[in-house]
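Let's take a friendly walk through this chain together. Please have the structure open as you read.

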Amino acid sequence: MLCEDSTIKKCEVLEERQFDLRTDVYVIGELKNRYGTDNVRASFIELAGKVVFQLENQDGRYATPGLQILGDHIILTLFDRGGSISTHPLHIHQRPEAFLRVLLGITFGDAVVLGFDTTISPVEEGKKKIQIIRDGKECFILVDQLLFISGSLHGRGTTVWSGVVTQADFPELEEGQKVVIKDSFVDPLRRYTEGKILKILEDNEIKGVPRLLHEQQVQASHPLDSDLQLNQSTHILRSLIKDPLPADCKYHLRVLSRLVSTPKGDPIYDFSSLAELLVGLIDCLKGESPIIISTGPRSPLDSTLRCFQDCRCTSSGHQPIQPVALCLSEWG
């Protein structure tokens with residue numbers, strides 16, 4: 001699984017700017033001076049911790065290989081959102097050809113094999129574009145900000161960006177309008193996905209929730225056949241393993257889902273002052289149709305609401321919010 005142009009392209013990009021340890025590291029290795037059970041376990045834990053840091057700093061990458069070099073042995077591990085899978089310890093001197101294949105694979109490996117999402121591509125320094133397929137047409141969203149990236153190694157791997165669309169791709173929106181793009185690995189057997197829930201709320205004319213513009217399962221080329229398009233999932237790379245996985249080798253089957261919604265609001269941590277934050281929370285709690293009923297005149301919530309009911313915040317054009325417009329939860 002080699003890509004003749006991959007190394008050349010990587011070098012050309014790095015020559016134009018200074019090497020960044022966070023974003024330009026493609027494979028992480030953990031080195032110990034000798035092989036042994038304790039070192040195998042300890043180096044795996046250390047490697048996993050570094051892989052978490054790597055994925056947190058490389059949005060658009062959802063898997064990565066890692067190496068444990070333990071004296072004269074080497075172990076190759078694949079980390080993705082379904083879990084991890086490792087080779088048996090490989091003796092470098094007894095199997096030099098296999099060792100060379102591992103090194104060549106991680107050096108010249110195709111972007112898909114190295115865990116990158118090929119539907120996300122750089123357009124200029126610090127900016128990217130994200131591809132979606134809408135009504136059978138290829139569309140692109142220009143990313144202008146990374147809003148959130150999951151800090152966990154195993155799970156949904158949620159990444160959220162804000163981006164700018166063109167009216168040609170989204171005729172229902174204005175030219176240059178901002179949208180939110182959310183990628184996450186979801187259970188394909190789950191009955192109600194986030195997109196379906198948003199669609200149900202929209203069909204029932206529920207106000208104050210994000211408007212779903214697009215939902216899709218992200219596809220990518222098969223690592224061995226570029227003409228074959230498959231849904232990106234935690235199963236693809238595991239399917240390339242010749243021998244069946246052991247019975248105790250369990251992993252979570254997840255597929256990569258992409259949502260596009262509007263509007264794009266300001267993050268709660270971007271409020272200019274504590275008073276502005278509290279005004280937003282109060283408007284959400286009271287709104288036009290209150291969703292919280294005070295238990296009495298001495299209720300702490302009721303006292304807080306009375307203290308701030310006359311507050312006004314004009315520095316950022318704050319507007320009253322519908323009660324259901326604010327959801328205090330993590331992206332992931």
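In which loop is E205 found? The answer is the loop between α4 and β11. Please keep in mind throughout that this is a predicted model.

## Residues with positive phi

With a relative accessible area of 67%, E205 is exposed.

D135 also has a positive phi of about 55 degrees, and again the residue is not a glycine. You will find D135 in the loop between β7 and β8 (137–149). Its relative accessible area is 79%, so D135 counts as exposed, the cut-off being over 50%.

## The open sheet

Now turn to the strands. Seven of them form an open sheet with antiparallel pairing, and the order is β6-β7-β8-β9-β10-β14-β11. The edges are taken by β6 (120–124) and β11 (211–217); each has a single partner strand, so one side of each is left without a neighbour in the sheet. On average, neighbouring strands of this sheet are turned by 35 degrees against each other, direction ignored.

## A helix across the strands

Which strands does helix α4 lie across? Helix α4 (residues 194–203) lies across β10 (178–186), β11 and β14 (255–262). Relative to β11, the helix runs at about 150 degrees.

The structure holds twelve salt bridges. Three residues deserve a look as a group: D117, D183 and R258 are linked in a network of salt bridges.

Take R258 and D117 to start with. Their closest N and O atoms are 2.8 Å apart. The pair links distant parts of the chain, with R258 in strand β14 and D117 in the loop between α3 (96–108) and β6, 141 residues apart. Are these two residues buried or exposed? R258 is buried, with a relative accessible area of 0%, and D117 counts as buried at 2% relative accessibility.

R258 also meets D183 in a salt bridge, at 2.7 Å from N to O. D183 lies in strand β10 and R258 in strand β14, so this pair ties together parts that are 75 residues apart in sequence. D183 is buried, as is R258.

Another of the salt bridges joins K32 and E46, whose closest N and O atoms are 3.2 Å apart. This pair, too, links distant parts of the chain: K32 sits in strand β1 (residues 28–32) and E46 in helix α2 (residues 37–56), 14 residues apart. Here E46 is partly exposed, with a relative accessible area of 33%.

## A cis peptide bond

One last stop is the backbone at P263. The peptide bond from T262 to P263 is cis, with omega near 5 degrees. P263 has its place in the loop between β14 and α5 (274–286).

Technical notes:
Residues are numbered from 1 along each chain as its sequence is written. This is a predicted model: local features need pLDDT of at least 70, side-chain atom pairs count only at pLDDT 80 or more; totals for chains, interfaces and linings use all residues. Side-chain values use heavy atoms; hydrogens and water are left out. Two strands pair if DSSP finds at least two bridges between them. Helices (H or I, at least four residues) and strands (E, at least two) are DSSP runs, numbered from the N terminus. Axes are lines fitted to C-alpha atoms, for helices over the stretch in contact, and angles run from 0 to 180 degrees between N-to-C directions. Contact means heavy atoms within 4.5 Å. A salt bridge is a side-chain nitrogen of Lys or Arg within 4 Å of a carboxyl oxygen of Asp or Glu. Buried means under 20% relative accessible area, exposed over 50%, partly exposed in between (1.4 Å probe, protein chains only).
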